[in-house]
Structures are given as structure tokens and as C-alpha cells.
Amino acid sequence: MHQDADELEELISPDRIRARVRELGDEISRDYEGRPLVVVGILKGAFIFMADLVRHIRGPLVVDFVRLASYGSGTRSTGEVHITKDIEVDVEDRDVLVVEDIVDTGTTLRYLEEVLKLHKPRSVRICCLIDKKERRETDVSVHYVGFDVPRGFLVGYGLDFDEHYRHLPGIYRLRPGYHPEGFRPSEK
Ligand code: PRP
Ligand code: MN
Ligand code: MG
């Protein structure tokens, strides 16, 4: 099992994630009081969190996804965000909840906020599982935060390193310098 591998240190267990995701779903359900919601997940990282979270939101909602990426295969953001899939649902005059796995420098979300504005939503709130506030380079306001984690390169529950580890059930810190295929790509 990956989670027993010595390159990984468990930070947040699957049970803790489960409990917290349920709380977030309850809070969101209360805040929107049954108002229809468009929940937009950011691929790929948010796919597992999104799937779990929407099952705890009561009230009418539709789901959609955008695909944004900035990390490539390194452990640091390239600072350049690419959108390869835009939203498909009409969000004009609707309440949008953006679901993200992790907010790090804030570059990805800042970019998405600009993209969403063009679609004229009534409101936009952001829900992330993990907030790394200390690494923030751009100001983004995140309304719902699962866990604050100060440092370390994190993988699991959707988060990857060079596309690996997304399927792991918890959140783990990856040992610096380790690569699952035995080599380390040069950092961009
Ligand atoms: C990761 C993560 C967030 C973003 C956070 O995505 O899933 O979307 O980086 O970093 P930032 O706040 O510095 O922008 P990545 O670009 O690795 O794409 P992925 O979701 O497909 O893994
Ligand atoms: Mn992502
Ligand atoms: Mg990634």
C-alpha cells in the first residue's frame, strides 16, 4: 500500500477528511438555505473532494468542472495558468461555489475568478480542502476551508506529484527529493 511507503507521512487521515467534509457540506447547506447552486470543481485536483462534498450539500445544485493547471510536473507553480476546459453550465445570475483541493500561491483561483466574472454570476464563493496561507502570493478570499496546512508538498485525495498519488485516501506529505518513478524532474 502506498500509504505505508516511507516516502509518505500521513498528515490527515481518511476519517478526519470524511468528518470535515461532512461539516463543510452542512455549513454550505445552511448558508445557501436551499438556493440553487452551481458547484464548479477545478480539475484535476478537486475531483475526489468535489465528489465527496456535493453528497453532503442539501438543496438543488448542478455540478460543472473547469480544467486549470499551473504545476506541470514539478513541485513548484510555474506561475502560468492554462485553461483547457471552460465551464459549460450557464452561471449568469446564479450562485457559484468553486471547489478546489488546495490553495497555495492563489494563482489558480485568481485566474479562475477572472474567467468566471466574464460569465456574470450573482455570487462566487470558494471552498477548499486545504489552505496553505503562508504561501499565498495573490489575494484570494476563501470562504470555506477544510484544513490549514503550513508547509510540505502534499499528495493524496486528489493531490498529485507529477500525476501520481491522486488515488490515496488521506493527505500525505511527500519526502523532498523523492519521485515515484525513481527520478526527479527538474523544477520549473
Ligand atoms: C494544483 C492544485 C490547485 C493549485 C494550487 O493544481 O490542485 O489547483 O495547484 O496552487 P496555486 O494556488 O499556487 O495556484 P495543478 O496545477 O497541479 O493541476 P492539477 O489540479 O491537475 O493537479
Ligand atoms: Mn488543481
Ligand atoms: Mg497538480
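A: The model is a predicted one. From the N terminus on, its elements run β-α-β-α-β-β-β-α-β-β-β-β. The radius of gyration is 16 Å, close to the 16 Å that the globule rule gives for 188 residues, so the chain is as compact as a globular protein of that length. That makes 3 helices and 9 strands. The C-alpha trace spans about 50 × 35 × 25 Å along its principal axes.

Now look at helix 1. Helix 1 covers residues 14-32, which is 19 residues.

Which residues of helix 1 are buried? They are Ile17, Val21, Leu24 and Ile28. Seen down the helix axis, these buried residues fall within an arc of 65°, so they line one face of helix 1. Turn to the face directed away from that buried side. There you find the exposed residues Asp15, Arg18, Ala19, Glu23 and Arg30.

What do the buried residues of helix 1 pack against? Their partners include helix 2 (47-54) and strand 1 (8-12). Strand 5 (95-103), strand 6 (123-131), strand 7 (144-148) and strand 9 (171-174) are also among them.

Strands of a sheet pair through backbone hydrogen bonds. Strand 8 and strand 9 pair over 2 bridges. Val155 stands opposite Tyr172 of strand 9. The loop between strand 8 and strand 9 holds Tyr165. Tyr165 has a positive phi of about 75°, although it is not a glycine. Is Tyr165 buried or exposed? It is buried, because 22 other C-beta atoms lie within 10 Å, and the cut-off for buried is 20 or more.

Compare Asp93, in the loop between strand 4 (82-85) and strand 5. Its phi is positive too, near 60°. Yet Asp93 is exposed, with 10 other C-beta atoms within 10 Å.

Next, the core. In soluble globular proteins, nonpolar side chains tend to be buried together. The largest nonpolar core in this model has 46 residues. Val98, Val99 and Cys127 have the most contacts inside it. Leaving aside residues up to four places away in sequence, Val99 touches Val39, Val40, Gly41, Ile42, Ala46, Phe49, Met50, Leu53 and Cys127.

Helix 3 (residues 107-117) has buried residues as well: Thr107, Thr108, Leu109 and Leu112. They pack against strand 2 (37-43), strand 3 (61-69), strand 5 and strand 6.

One more backbone detail. A cis peptide bond joins Leu43 and Lys44, with omega about 0°. Lys44 sits in the loop between strand 2 and helix 2.

Finally, step back to the whole chain. Of its 188 residues, 31% count as buried. Among contacts with a separation of 6 or more, 68% come from residues 24 or more positions apart.

Note on methods
Residues are numbered from 1 along each chain as its sequence is written. Chains are lettered from A and ligands numbered from 1 in the order in which they are written. This is a predicted model: local features need pLDDT of at least 70, side-chain atom pairs count only at pLDDT 80 or more; totals for chains, interfaces and linings use all residues. Helices (H or I, at least four residues) and strands (E, at least two) are DSSP runs, numbered from the N terminus. The expected span of a helix is 1.5 Å times one less than its number of residues. A residue is buried if 20 or more other C-beta atoms lie within 10 Å of its own, exposed if 12 or fewer, and partly exposed in between; C-beta atoms are placed from the backbone. The arc is that of the directions from the helix axis to the C-beta atoms. Two residues are in contact if their C-beta atoms, placed from the backbone, lie within 7 Å. Two strands pair if DSSP finds at least two bridges between them. A nonpolar core is a set of buried Ala, Val, Leu, Ile, Met, Phe, Trp, Tyr and Cys residues joined through C-beta atoms within 7 Å. The radius of gyration is taken over C-alpha atoms; the globule rule is 2.2 Å times the number of residues to the power 0.38.
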